[in-house]
Amino acid sequence: MSVDWAGVPGPLQDGVRRALGPSLLWVRRVRVQIKNGRLDERLVVLTRWRMCMVCVRLPVKVENSFNFLEIQNLIPLNVNQLAVETGKTSLTITFDTHQHLQQLVTQINAALCRIFPTSATFMSRDLSPQSPADLRHNPPDSVTAPTPGCCGGFSDTYAALCDYNGVPCREEVQWDVDTIYHSQDSRQFNILDFSHLQSRDLALIVAALAYNQWFRKLHSHGLKLGAEVVQQVVHTMSRSVSIEELELENTGLKGDFVQRLTAGLLENAAPPLTALSLPGNPLEDKGSSSLSQYLSVCGTGLRVLNLSNTSLTSRGLLPLAQALSNNEIFASTLTHLDISENAGLLSGEEASCLYQFVASPNVLVDLNLAGTDCALDALFTALSHRNCSQLSFLNVAHNSFSHRKQREPTPFFRSFFSSALSLRSLVFSGTKLPPEVLRALLLGLASNPLLTDLRLNLSGCE
């Protein structure tokens with residue numbers, strides 16, 4: 001786009017280009033009020049993400065420069081005078097005409113629309129400004145929002161945040177998103193694709209997702225996330241209108257992360273989250289208790305909840321199971337529940353709260369309780385209520401049949417298998433099954449005419 005240099009001599013134009021580079025968008029001669037109250041002439045120059053005040057003499061000197069995101073207020077003082085306030089400075093700028101003032105505001109608004117295609121109103125400290133919406137002097141309908149670029153304009157948001165933080169913008173990040181992600185129509189953002197970068201760079205990448213409507217899933221596996229990255233994950237989930245799935249497996253997260261995540265989700269007016277998977281992280285009971293606070297009031301429910309191998313105990317199970325049972329939305333939304341590999345989780349009386357959820361009408365499709373000290377007699381008593389009609393995948397490996405001295409199967413055990421409607425995979429591997437119980441299981445399955453393609457795993461059973 002050609003720049004209107006009206007009234008700016010050629011040598012000064014060349015000096016500005018050399019000082020600020022090729023990304024110039026708008027230039028005007030203005031007068032700026034200085035300390036003694038008199039007006040001094042300057043050039044106001046807008047680049048892609050910055051506003052610069054340039055002296056009108058050679059050699060060119062950039063007197064002041066700040067990212068649009070640093071602006072806290074634009075205050076019209078009269079028809080051709082504008083106050084610009086940042087956290088560090090305050091400028092009173094007098095334009096030749098009201099049209100020039102309007103042009104500057106329009107340019108800034110257009111840049112904000114590119115940075116924040118979701119019209120977000122707040123950003124986190126340090127990596128992002130707090131109130132970008134305050135910059136909008138004109139009503140929203142006075143600015144025609146530009147069409148977002150590839151993948152919802154991710155590259156623009158990322159570049160602006162890099163400029164704001166004084167961090168080099170990684171062109172390879174923009175290329176990967178604009179080329180690979182876009183060509184594959186991928187809506188899953190995988191942090192591992194950028195694991196070679198420093199934590200600060202990763203944090204800015206994740207921060208950009210808070211204002212993006214393209215991506216639906218944020219994923220990482222086996223990469224320990226630094227404090228800056230974790231902070232931006234929380235911030236993203238508190239602001240995002242599109243991230244439906246958060247999957248962070250074995251990333252070194254602890255209970256305090258879940259505390260902050262819960263606070264962030266509660267801060268989000270309409271959290272889109274439907275799948276939360278945090279397996280392999282030592283969240284402990286502290287994390288479970290914090291998450292339960294969100295689950296108990298969550299208005300949209302979750303489709304997937306995976307807390308496998310997170311060091312939960314029966315103490316952490318109680319508030320979790322109570323939240324699932326007491327919040328009616330989960331009866332119609334939760335299809336995948338995985339709390340496996342938490343030793344002793346279902347060994348106490350607290351397990352009855354989970355069995356209560358299973359016994360009530362629900363839409364569970366995949367239930368994984370492997371390695372939780374689950375008492376199978378209690379579980380199948382709950383399942384025999386026939387309220388898990390959609391249950392297709394059941395994993396109870398490495399558990400025992402009963403916590404009591406009991407060898408005979410209850411009638412409910414055979415009853416469930418003879419009437420199950422949707423079972424496709426049943427895993428009992430490594431489970432202590434008395435012969436009478438195994439016989440009841442097989443007879444129940446054999447008498448069920450509805451099961452035609454069932455995979456049964458009894459390997460390592462005692």
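1. Ground rules. Since this is a prediction, local features need pLDDT of at least 70 and side-chain atom pairs count only at pLDDT 80 or more, while totals for chains, interfaces and linings use all residues. Residues are numbered from 1 along each chain as its sequence is written, and side-chain values use heavy atoms, with hydrogens and water left out.

2. The antiparallel sheet. Seven strands make an open sheet, ordered β4-β3-β2-β1-β7-β6-β5, with antiparallel pairing. At the edges you find β4 (62–67) and β5 (71–78); each has a single partner strand, so one side of each has no neighbour in the sheet. On average, neighbouring strands here are turned by 30 degrees against each other, direction ignored.

3. β1 and β2. These two run antiparallel and are joined by nine bridges. Val27 stands opposite Val45 in β2, and Arg31 stands opposite Glu41 in β2. The hairpin of β1 and β2 has five residues between the strands, and Gly37 there takes a positive phi near 90 degrees.

4. β2 and β3. Five bridges hold this antiparallel pair. Arg42 has Cys55 in β3 as its bridge partner. The hairpin that β2 and β3 form has two residues between them.

5. For angles, axes are lines fitted to C-alpha atoms, for helices over the stretch in contact, and the angles run from 0 to 180 degrees between N-to-C directions.

6. Salt bridges. Side chains of opposite charge can pair when their charged atoms come close. The structure holds 17 salt bridges, each a side-chain nitrogen of Lys or Arg within 4 Å of a carboxyl oxygen of Asp or Glu. One to look at is Asp96 with Arg31, at 3.9 Å, N to O. That pair links distant parts of the chain, 65 residues apart: Asp96 is in the loop between β7 (90–94) and α2, and Arg31 is in strand β1.

7. The parallel sheet. A second topic is an open sheet of 10 strands with parallel pairing, in the order β8-β9-β10-β11-β12-β13-β14-β15-β16-β17. Its edges are β8 (188–190) and β17 (455–457), each with a single partner strand, so one side of each is left without a neighbour in the sheet. Neighbouring strands are turned by 10 degrees against each other on average, direction ignored. As an example of the pairing, β10 (residues 245–249) and β11 (residues 275–277) run parallel and are joined by three bridges, with Ser277 in β11 the bridge partner of Glu247.

8. α3 against α5. Helix α3 (residues 150–165) packs on helix α5 (residues 199–209) at about 130 degrees, with the axes 9 Å apart. That makes α3 oblique to α5; angles under 35 degrees count as roughly parallel, over 145 as roughly antiparallel, 65 to 115 as roughly perpendicular and the rest as oblique. Contact (heavy atoms within 4.5 Å) involves Phe154 and Leu161, among others, in α3, and Leu204 and Ile205, among others, in α5. The contact residues divide into nine nonpolar, two polar and one charged. Here Ala, Val, Leu, Ile, Met, Phe, Trp, Tyr, Cys and Pro count as nonpolar, Asp, Glu, Lys and Arg as charged, and the others, Gly among them, as polar.

9. α9 against α10. The axes of α9 (residues 314–326) and α10 (residues 351–359) come within 8 Å and cross at roughly 20 degrees, and the two helices are therefore roughly parallel to each other. This crossing of α9 past α10 is left-handed. Residues in the contact include Leu317, Leu318 and Ala321 of α9, and Cys353, Leu354 and Phe357 of α10. By class, the contact of α9 with α10 has eight nonpolar, three polar and no charged residues.

Notes
Two strands pair if DSSP finds at least two bridges between them. Helices (H or I, at least four residues) and strands (E, at least two) are DSSP runs, numbered from the N terminus. A crossing is left-handed if the near helix is turned anticlockwise from the far one by less than a right angle, and right-handed if clockwise.
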